[in-house]
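Here are a few friendly notes to read alongside the model. Please keep the structure open as you go through them.

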Amino acid sequence: MGIEVLIINSVLLIGFAVAASAGNFNQDFEITWGNDRAKVLNNGQLLTLSLDKASGSGFRSRNEYLFGKIDMQLKLVPGNSAGTVTAYYLSSLGDTHDEIDFEFLGNLSGEPYTLHTNVFTQGKGNREQQFHLWFDPTKDFHTYSLLWNPQSIIFSVDGTPIREFKNWESKGVPFPKNQAMRIYSSLWDAEDWATRGGLVKTDWTQAPFTASYKGFNAQACVWSSSSGSSCSSKQGQSWFTQSLDSTGQARIQWVQKNYMIYNYCTDTKRFPQGLPPECTLA
């Protein structure tokens, strides 16, 4: 079944420290671990992470952001990737950190990847939704986007929204809005839980496992500890006030009906005292 792509409109951010143009991995990111398992290639236009039995690898953005629309194109580990996790997320630091997650859980060859999403606020997560994808994410690059503004967080794949976490602070639900976050990504071994709850282990004869990145783009508010945010809501940029229209809501419903495999908001066994409040808010 085909899927229509929702185009999320965006404009060049006038006066923002990060413009709406393709990024350069040499300039925008730094390798944080894994030594030469992480490589920046093609004059900064391509980055690869690798995992072998000794170590995985990872990188992070040089900038911190407080709200933004972040796009990254990923091509995931092909073949038998069971036990591996490719994580791509925004996160602040500390015990009360905020975090917005894409995690791709590996599989046996021929079986679908699991796309795991989560939102942490003030150090607490437990807001998982999981999906299968409507394409093979190992054959080509696909764009995974996070739109984070004061109204909501929208997860999108190739421009199609798959999940929205709204700001329900007025109803007592914490929302990440005060802590600047960096972009992180890593490729690592999680064979104890990643594939079928840890039943399928990593086949190290397939190593090294490699994931590839390109097409980074940030329309975002860069945060500085000395000067604060590089932008404000008064500048009227489209992404800063954007929410899903009726078409976007219909796309989310379609994706969740056909491709969602887990939703914390329907897991009554996990929450015997009642579902989290955001689950019942319209």
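**Notes on a helix and some ring pairs**

1. Let's start with α3, where Gly 248, Arg 251, Ile 252, Trp 254, Val 255 and Tyr 259 are buried. Viewed down the axis of α3, these buried residues fall within an arc of 165°, so they line one face of the helix. Do keep in mind that this is a predicted model.

2. On the other side of α3 you will find Ser 246, Gln 253 and Lys 257, which are exposed. The cover over the buried residues of α3 includes β9 (129-131), β12 (160-166) and β16 (260-263).

3. As for its geometry, α3 runs over residues 246-259 and has 14 residues. From first C-alpha to last, α3 reaches 20 Å, close to the 20 Å expected at 1.5 Å a residue. At the start of α3, Asp 245 brings a side-chain oxygen to within 3.2 Å of the backbone nitrogen of Thr 247.

4. Now to the rings: the structure holds 19 aromatic pairs. In one of them, Phe 104 and Tyr 144 have ring centres 4.8 Å apart and planes at 70°, so the pair is edge-to-face. Phe 104 sits in strand β7 and Tyr 144 in strand β10, so this pair ties together parts that are 40 residues apart in sequence. Phe 104 and Tyr 144 are both buried.

5. How are the rings of Phe 165 and Phe 175 arranged? Their centres are 6.2 Å apart and their planes at 5°, so the pair is stacked. Phe 165 belongs to strand β12, and Phe 175 to the loop between β12 and β13, so the pair joins parts 10 residues apart in sequence. Both Phe 165 and Phe 175 are buried.

6. Finally, have a look at Phe 25, Phe 29, Phe 59, Tyr 213 and Phe 216, which ring pairs link into a cluster.

Definitions and conventions
Residues are numbered from 1 along each chain as its sequence is written. This is a predicted model: local features need pLDDT of at least 70, side-chain atom pairs count only at pLDDT 80 or more; totals for chains, interfaces and linings use all residues. Side-chain values use heavy atoms; hydrogens and water are left out. Helices (H or I, at least four residues) and strands (E, at least two) are DSSP runs, numbered from the N terminus. The expected span of a helix is 1.5 Å times one less than its number of residues. Buried means under 20% relative accessible area, exposed over 50%, partly exposed in between (1.4 Å probe, protein chains only). The arc is that of the directions from the helix axis to the C-beta atoms. Contact means heavy atoms within 4.5 Å. A polar contact is a pair of N or O atoms within 3.5 Å; within protein, one must be able to donate a hydrogen and the other to accept it, and residues adjacent in sequence count only if both atoms are side-chain atoms. Rings of Phe, Tyr and Trp (its six-membered ring) pair if their centres lie within 6.5 Å; planes under 30 degrees apart count as stacked, over 60 as edge-to-face and the rest as tilted.
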